[in-house]
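My notes follow the order in which I checked them.

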Amino acid sequence: MIRPSLILEKRPSPSRFWATTTPVLAVIATMIAGGIMFWALGKDPIESIRTIFWDPLFHETFGPYSRPQLLVKAAPLILIAIGLSLGFRAGVWNIGAEGQYIMGAICGAAVGLAFYPTENILIFPAMILAGAFGGWAWAMIPGLLKTRFGTNEILVSLMLVYVAEAALASVSQGLLQNPDGMGFPGSRNFRDFPAAYNTELITGTGMHWGVVFAFIAVIFAYVLLTRHMLGFHVRLTGQAPRAARFAGVNPTRLVLFCLGISGALAGMAGMFEVSGPAGQVTIDFNSGYGFTAIIVAFLGRLHPIGILLAGLLMALTYIGGELAQLMLGLPAAAIQMFQGMLMFFLLAMDMLTNYRIRFTLKNA
Amino acid sequence: MDLSQINPILLIASLMVAATPILLAAIGEAVVEKAGVLNLGVEGMMITGAVVGFAITVNTDAPALGFVGAAIAGAALSMLFGILTQYLLSNQVATGLGLTLFGLGLSSLIGKPYEGMKVTTLAKMEIPLLSDIPVLGPILFKHDPMIYVSLMIIAGTWYVLKHTRAGLILRGVGENHDAAHALGYKVIRVRLMAIAFGGACAGMGGAYISLVRVPQWVDGMTAGAGWIALAIVVFASWRPWRVLLGAYLFGGITVLQLNLQAAGVPVPVEVLAMSPYVITIVVLVIISLKGNHGAPGALGKIFHATH
Amino acid sequence: MEETRTQDALLTLEGLTKAYPGVVANDNVSFSILPGEVHALLGENGAGKSTLVKMIYGLVKPDQGTMTLKDAPFQPANPAAARAAGVAMVFQHFSLFDALSVAENISLGMDHPPKPRELTARIRQVSEAYGLPLDPDRIVGELSAGERQRVEIIRCLLQDPKLLIMDEPTSVLTPQEVDILFETLRKLTQEGTAILYISHKLEEIRALCEHATILRLGKVVDTCDPREKSAKELAEMMVGTTLHVPERDASEPGDVVLAMDHVTLYTPSPFGTDLRDVSLEVRAGEVLGVGGVAGNGQDELLAALSGEARLTSGSVLLNGVPIAKLGPNERRALAVLSAPEERLGHSAAPDMSLTENALLTAAVRQRLTKRGFLRWGKTEDYAKRVIKEFDVRTPGPANAARSLSGGNLQKFVIGREVLQKPEVLVVNQPTWGVDASAAADIRQSLLDLAAGGTAVIVISQDLDEILEISDRFTALNEGRLAEPVPTRGLTVEKIGLMIGGMHAPALEDAE
């Protein structure tokens, strides 16, 4: 008896066409599946999708308010995802960016607040450095444990998220608490402290220093990965660790580099957020950017330009999601699921890049 | 501060309650990893189990049904991971992470209407005569049925893995999938069954939190228990009885920490709250110092049968 | 003659055909195997031997053709069905479970295994009956290559096979272990078991087999009685053209270029072999051959020379200057180059292009970077040069390494090092899994390099290869190196002793 069957066949080289097409297909598939989910929640699917993807940019009333938000929300996602993507490419799984983001915010804010109310042009650069240092140091914990003892970095970096959250709770009610805040938890607001405030650089665009650094990070990563030996070593380590060693890569240094840079970028993102859009250190100022950035990194196929686009898209779902919450009463969790779906569809379609599907008739 | 408030017998009894969610999730994951698959979605499956179990119990008043529903929900979610990683050959780390993020969103969506509700919890089973034994009675024989179920799952897993043909095949698949395939074993089928078992266990573990330990639905209430379960699998070197040991040790630390908080020990609450996670890291380091012995040979590798 | 063979045959294949995209692996293959016969299946890599036996063992379904086993149609749907019909197979690799015990491994290979205790007893019994000592309770990962093979053989024997398929069984054995294996096989054939023996080692086939079927490019090109043919005749039947034997100029070796002095290396890997007190010297223009069975420290010796591994003690000297503390790239700068055994994942990155793979080792000497920035144009030119000068068959340097055949990729890897003008070149298994013509090219390029004054170390399991190209011969056994001797005038017995080490268990077994 002859019956039809599907066979996966490994391609001789990954397909460029599918590598660029699958993210787009994944977005379309997510819109369809998401539409069905919204419909199941009793909302008009077309209107929901339009509210999320179209209205934040082009709606007459909301557009002018939402458009700047796009850069504000995309900047931390891109900054973190760029760092993570370098590690993911090298097979270093830092999934505790959320913790590094928090520690960067705490350190950056602490340096700024220590100088309150001095007005000096050097305060903000010092805060950036402190933020990067905080994230870097937090990422060095899994880094050193992995390179010294072989401890799994996935679990350690993740455990440290919970530790960082506890630390955040502690400082916002202690060390960094606003002395004039009448006992409410949370630090002074950076809006009242111009030298330390991450201000909007061009009015009405949402452009702040974090956005600038995100763009710099994209360019830096692009040059590193395509034009520099270190980037080549990062890619080589992920694809063939033994060959990397043969090529003279020091695995310890590479792991520390990848974790360090992703930690520093996440820490910077936290610092830009706390000193600008968030405005102050509070118990729950962190909003999961460190985790969403993992989706952004994969959605962008671990490629700097891809991450830039993916970050903007993910920011759009955040803003659109808020709008949909406001206008249609769509629950916030639906947006989170929507993002999770996007990741699944992307992973499912990833296969097309490396494998060819063949339809055959075979004897059974 | 009054340390005399801490009653060692109650401590041990409540330790078992604190440990059971992690125990269930960890034994499930141990089986999954023994089959050569790394599913980092435990947290997502647990929280989904927690909310589904809670919702079913609120609506039916039958916690047993809640646990069954949670197991089914966990297994269903794990099949998403299974299809992606086994048929579509996606990266297991990325897919597992995706599953966790997805599960957190899904549970939050389902759980919205149930926030703040009360639920029928599992009744304690007092085993006649035995539960009256001083000291041992309250420690061993005055628990809810799920604690005994979890212990039976540990014993059953140990027996199946160690002494049955099915267990041997599962270990073989996890050790070297190419060899298992060459001998004619259905690698993907074995792995999917293991993944489903892992999902069901994680689901029940989650339900234990929302139905017994807390018992309430709070968004994000698993708070990293799934990740700790993953750490315990490593700690246990993939051996069922050591999973039990690891989970109970961890449960002990958690309960002690809560008791110390209640007793007003002069240590900041945040330090006590972060202690379980810090201790997990310390344990992971100690384990890795000894070398990760017993890790299945094919763990996390993609299986693609050529020809 | 085939007519009469078909009549009493145990297994008859008729017109078996199997095609994969772009390649016909087996094309209308027909032959028969008699009971109690050792039947050789002879052919180069890629001739279709593996696909053919996979069809017999039920792992692959033929597109066309029929099989008949003991006068009944034979269409195994899976290996279990093949085993039930009395067909057993010993694989070349990929079929043992390192973390499981010998008994557990054997149990997994059986469809209806007896109770554990009974199985243990039967393993002991069979292993004694056939002269294959093996402890059922040991963990397979701790066994030597020869012992691992015994596990597979015993696994097959416990099922009383009518036909035993053996795929390259001797590639991991010492000459003495080969003798033990042949004894076992002869005992089996006396009991009426037929053996289908796949190999490209011609002397072995002449010693063991009564009938040979020769495959080339998926087709049966000839059959013969190998006992009546010379090795050269068999090789020519297999390759189809007259073989090119590497030529060499006799020249006096120069000064000592590279020396290892009492090198000890403890490997961190649980499945590695420590190097113990290894000393060697290699002179300019000389080829030093290092023989030995796989897993006796070959990888570690290469790592110690390439700079990938840090020595526990001892020193490595280049022209008298210590280099043991230098990493791979610092050694490359000093013209000490190497090519490890594993092509996919060690000497080359499978998913990267040939251009990127050229960058992998040639960055330093070919100046492919400038202040850390990559010069892609220059790198691509270098890759193209390697492709051209070493006749690497590929559409171009942008193709991924894994898209190349084993022989072509190996030519690329060797060429990448040779064109960098090494002063010392260390290669490990340079022609493993490489077709005969590519192997001849590679050997010739190593000889040419030596003729130009390079000191060459060839680590290889292929004794024919070493004898053919090396000036001096030494062998690794359990991480120790034998005293090197001139290759000229060496006998197989002497080599066997060097490879086996004087205290190896294999020798005791042989006595």
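**Nonpolar core**

I am working from a predicted model. I began with the largest nonpolar core, which holds 370 residues. A:Ile80, B:Ile232 and C:Ile165 touch the most other members of this core. I then looked at chain C and its domains. Domain 1 (2–239) and domain 2 (256–510) of chain C each give this core at least three residues.

I went back to A:Ile80 and listed its contacts, setting aside neighbours within four places in sequence. They are A:Ala97, A:Tyr101, A:Leu265, A:Ala266, A:Ala269, A:Tyr289, A:Gly290 and A:Ala293.

**Sheet in chain C**

I traced an open sheet of 4 strands in chain C, in the order β2-β1-β4-β5. The pairing is antiparallel. The edges are β2 (23–33) and β5 (72–73) of chain C; each has a single partner strand, so one side of each lacks a neighbour in the sheet. I checked β4 of chain C (residues 64–69) against β5(C) and found 2 bridges. In one of the bridges to β5(C), C:Thr68 partners C:Pro73.

**Chain A against chain B**

I counted 39 residues from chain A and 37 residues from chain B in this contact. On the chain A side, β1 (2–10), α6 (123–149), α7 (153–172), α12 (289–299) and α14 (332–354) each supply at least two residues. The largest share comes from α14(A), with 13 residues. I sorted the chain A side by type: 30 nonpolar, 7 polar and 2 charged.

Definitions and conventions: Residues numbered from 1 in each chain as written. Chains lettered and ligands numbered in written order. Predicted model: local features only at pLDDT ≥ 70, side-chain atom pairs only at ≥ 80, totals over all residues. Core = buried A, V, L, I, M, F, W, Y, C linked by C-beta atoms within 7 Å. Buried ≥ 20, exposed ≤ 12 C-beta atoms within 10 Å, placed from the backbone. Domains from an automatic or database assignment. Contact = placed C-beta atoms within 7 Å. Pairing = 2+ DSSP bridges. Nonpolar A, V, L, I, M, F, W, Y, C, P; charged D, E, K, R; others polar.
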